[in-house]
Amino acid sequence: MNVLNFVNAFFSDSAHWHGYDGIPQRLLEHVQYSALALVLAAAIGLPVGLLTGHTGKGGNALAFIATAARALPSFGLLVLIVIMMGFGLLPVMIPLVVLAVPPILVTTYEAVRTVDPSPVDAARGMGMHESRILFQVELPVALPLILSGLRSAAIQIVSTATIAAYVSLGGLGRYIVDGLYQRDYEKVVGGATLVAVLALVTLALFWAAGRVAVSPGVRRR
């Protein structure tokens, strides 16, 4: 059977659409893991990136941290944390957050640093507080690049959250792990297809968010 036949057989099987191992349940679990990891990564990366980008300090340190974090293998980190902490959701969240923080952190920093200094200087000349300059002058202009960092992080999380299945959690990785163990390649291909589709949906959602959140004047730049 070729890949298309595997995909058709997987999605045509009514057993895959019901119960605790059904596609809706596994998809919901995967989205929950991914959303939680993205929120945690954004809570770390956005404030630090905005602050360092606004002040212009710490750029070299951010680059070093981002490079080091990207060099860490997510699966290897998961295994190490499970050995230290045992099974559970936290050991899965840690490597996903470590994976997602660097693109958010670096793009946020670069987005703020590349804002035209003329309006920033004008705002300072008018006596605006630094926090107002950041959120009212720099952030609206930097928003497209910041969203691109969030989008990159979200897609990486969606693609990597399959590792949750290796520590007995759910998600779409369950089909891949179980399929490999059972030599059920129909299930493996089906799970991989769902992950790919979810990544494309994530890409579309961020494109739509950019159309809504970014002002037309900034989009045309």
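The model is predicted, and every value below is computed from it.

**Empty space**

Rolling a probe the size of a water molecule over the atoms shows where empty space is left. Start with the second largest pocket. The space in this pocket comes to about 190 Å³. Three helices each give at least two residues to its lining: helix 2 (23-55), helix 7 (130-160) and helix 9 (185-213). Helix 9 supplies the largest share, 5 residues. Among the lining residues are Val-31, Ser-34, Ala-35 and Leu-38. Ala-154, Ile-157 and Val-158 also line the pocket.

How many cavities of 30 Å³ or more does the structure hold? There is 1. The largest cavity has a volume of about 40 Å³. Ala-69, Leu-72, Ser-74 and Leu-77 belong to its lining, together with Pro-95, Val-98 and Leu-99. Helix 4 (74-85) and helix 5 (90-113) each contribute at least two of the lining residues. The largest share, 3 residues, comes from helix 5. By class, the lining of the largest cavity splits into 6 nonpolar, 1 polar and no charged residues.

**Helix 1**

Helix 1 spans residues 3-12, and within it Phe-6, Val-7 and Phe-10 are buried. These three cover an arc of only 100 degrees around the axis, so they lie on the same side of helix 1. What does the buried side pack against? The buried residues of helix 1 pack against helix 2, helix 8 (173-182) and helix 9. Leu-4, Asn-8 and Ser-12 are exposed on the other side of helix 1.

The N-terminal end of helix 1 is capped by Asn-2. A side-chain oxygen of Asn-2 lies 3.2 Å from the backbone nitrogen of Leu-4.

The table gives the relative accessible area of each.

| Residue | Relative accessible area | State |
|---|---|---|
| Val-214 | 5% | buried |
| Thr-162 | 15% | buried |
| Arg-132 | 43% | partly exposed |

Val-214 sits in the loop between helix 9 and helix 10 (216-219). Val-214 counts as buried because its relative accessible area, 5%, is under 20%. Val-214 and Phe-64 are 150 residues apart along the chain, and their C-alpha atoms are separated by 30 Å.

Thr-162 is also a loop residue, placed between helix 7 and helix 8. Is Thr-162 buried or exposed? Its relative accessible area is 15%, so Thr-162 is buried. Which residues does Thr-162 touch, leaving aside its neighbours within four places in sequence? Thr-162 is in contact with His-30, Gly-173, Ile-176 and Val-195.

Arg-132 lies in helix 7. At 43%, its relative accessible area falls between 20% and 50%, so Arg-132 is partly exposed. Arg-132 and Leu-40 are 92 residues apart along the chain. Their C-alpha atoms are separated by 25 Å.

Definitions and conventions. Residues numbered from 1 in each chain as written. Predicted model: local features only at pLDDT ≥ 70, side-chain atom pairs only at ≥ 80, totals over all residues. Heavy atoms only, no water. 1 Å grid on protein atoms, 1.4 Å probe; cavity = no way out; pocket = protein on both sides within 12 Å on 5 of 7 lines; lining within 4 Å. Points joined across faces, edges and corners; volume = space filled by probe spheres on them. Helix = DSSP H or I, 4+ residues; strand = E, 2+ residues; numbered from the N terminus. Nonpolar A, V, L, I, M, F, W, Y, C, P; charged D, E, K, R; others polar. Buried < 20%, exposed > 50% of the residue type's maximum accessible area, 1.4 Å probe, protein only. Arc of directions from axis to C-beta. Contact = heavy atoms within 4.5 Å. Polar contact = N/O pair within 3.5 Å; in protein donor to acceptor, adjacent residues only side chain to side chain.
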